Amino acid sequence: MGKIYLTAENIRYQLANLKQLTFEVTDACNLNCKYCTYGEFYNDYDRRDNKKLSLPVACKIIDYLTEFWRSEQNLSAKRNVYISFYGGEPLLNMPFIKSVVKYMEDLDCPSRSFTFTMTTNAMLLHKYMDFLVKYDFNLLISLDGNEYNTSYRVAKGDNPVFPTIIKNVENLRAAYPDYFQQKVNFNAVLHNRNSISEIYDFFKSRYNKIPEIGELNNMGIRPDKISLFQATYRNSYESLHQAENYEAIEQDMFVNTRTYRSATTFLHQYSGHVFNDYTDLLLGKREKEIPTGTCLPFGKRMFITVNGKILPCERIGQQFALGSVSETGVELDLQAIADRYNTYYAKLDKQCSKCYDAQTCMQCIFNLKDLDGNPVCRGFMNEKAFIDYKSRQMSFFRKNPEAYYRIMEEVIVT
């Protein structure tokens with residue numbers, strides 16, 4: 001047997017301290033967005049059959065996790081867990097959402113509190129906003145900016161949806177202004193019909209919000225769609241720096257930009273003034289033992305697909321499922337998961353051991369090509385590249401000294 005990086009016991013600990021449980025409520029959607037992760041560009045997801053996740057399946061995984069939350073491996077007397085609803089379009093399966101909320105309210109687990117979150121296209125928001133406000137949902141609305149910016153978001157038959165979304169958003173803001181200000185934000189996708197500055201200006205001027213902006217997913221692209229994908233794709237860093245007032249936008253968006261995220265990672269890892277826990281403070285920072293920047297299984301979240309697959313995250317291909325849940329029970333072999341991760345780690349260890357930026361690595365192994373063969377890490381840094389990286393970070397802080405204090409005072413890296 002090769003080197004053991006991860007054990008079943010490590011995974012039990014992560015389950016006992018899980019931070020977020022996400023349900024793919026349905027694979028149905030009332031839109032037909034051209035760049036959808038489950039659309040024509042991609043081939044690494046299960047077939048979309050307009051399925052809905054059933055309550056008994058959700059209850060099985062909740063009950064399974066509750067046993068861990070009650071165990072001695074739980075470190076918190078009152079940890080908050082995010083219960084998230086994802087799609088497809090989750091509002092198409094509202095009976096499920098209401099039933100899960102009720103189930104969580106009645107759950108006998110004193111060591112946990114729950115916060116509900118949802119990502120929605122807002123097409124049905126007018127029907128259910130009273131419920132979402134009543135239960136204090138954190139709401140993330142998908143919208144790409146102004147009407148032209150949002151023109152890849154279309155209904156069946158390629159009918160535009162921007163007017164409907166805006167009407168529903170405006171009604172929510174008018175009916176519940178405090179909730180809108182505190183609990184609602186926007187998620188935009190960057191592509192060739194918008195730009196960072198256009199997206200920023202739209203949401204800042206209209207709603208006084210700083211949107212989350214993501215690039216198109218560049219994994220799992222169908223070979224026959226590569227050219228179309230490349231024509232649609234836009235790089236967020238390049239788009240930002242094409243704006244005339246990019247420095248002001250960058251400062252306002254803060255850690256939602258690549259520059260500040262990179263500076264934050266560098267500062268938290270290399271400044272010597274940030275400690276993850278009291279043992280780091282008392283004994284000094286521990287060397288990273290696991291190759292790559294991949295999250296430990298369930299270290300941040302658990303994702304349940306509409307087909308009952310259990311994944312560590314909704315951002316990776318569904319072929320990487322770690323187990324399954326059905327109305328009859330949960331199948332999750334923790335030792336098999338540890339063995340699988342150890343195999344992956346072993347493949348990358350030689351590269352990671354020679355990488356000068358291994359301590360701050362953010363590379364997820366599930367986003368590497370040929371993971372089951374001979375994967376090559378795209379984030380590898382030799383000595384020269386690392387010196388250049390440090391130089392860029394120090395240059396940024398010399399130019400923006402206020403950024404140091406802001407990061408140290410406002411940012412918590414989890």
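Visitor: Before we look at this predicted model, which angles between helix axes count as roughly perpendicular?
Guide: The angle runs between N-to-C directions, on a scale from 0 to 180 degrees. Within that scale, the angles that count as roughly perpendicular are those from 65 to 115 degrees.

Visitor: How are α1 and α2 oriented to each other, roughly parallel or roughly perpendicular?
Guide: Helix α1, residues 8–16, packs with helix α2, residues 55–69, their axes lying 8 Å apart at an angle of about 105 degrees. Because that angle falls in the range from 65 to 115 degrees, α1 and α2 are roughly perpendicular.

Visitor: Which residues of α2 meet α1?
Guide: On the side of α1, the residues are Arg12, Leu15 and Ala16. By class, this contact has 6 nonpolar, no polar and 1 charged residues. The residues of α2 that take part are Tyr64, Leu65, Phe68 and Trp69.

Visitor: What is the handedness of the crossing of α5 and α7?
Guide: The axes of helix α5 (residues 162–175) and helix α7 (residues 196–207) come within 13 Å and cross at roughly 35 degrees. The contact joins Phe162, Ile166, Val169, Glu170 and Arg173 of α5 to Phe202, Arg206 and Tyr207 of α7, and its residues divide into 5 nonpolar, no polar and 3 charged. The crossing itself is right-handed.

Methods
Residues are numbered from 1 along each chain as its sequence is written. This is a predicted model: local features need pLDDT of at least 70, side-chain atom pairs count only at pLDDT 80 or more; totals for chains, interfaces and linings use all residues. Side-chain values use heavy atoms; hydrogens and water are left out. Helices (H or I, at least four residues) and strands (E, at least two) are DSSP runs, numbered from the N terminus. A crossing is left-handed if the near helix is turned anticlockwise from the far one by less than a right angle, and right-handed if clockwise. Contact means heavy atoms within 4.5 Å. Ala, Val, Leu, Ile, Met, Phe, Trp, Tyr, Cys and Pro count as nonpolar, Asp, Glu, Lys and Arg as charged, and the others, Gly among them, as polar. Angles under 35 degrees count as roughly parallel, over 145 as roughly antiparallel, 65 to 115 as roughly perpendicular and the rest as oblique.
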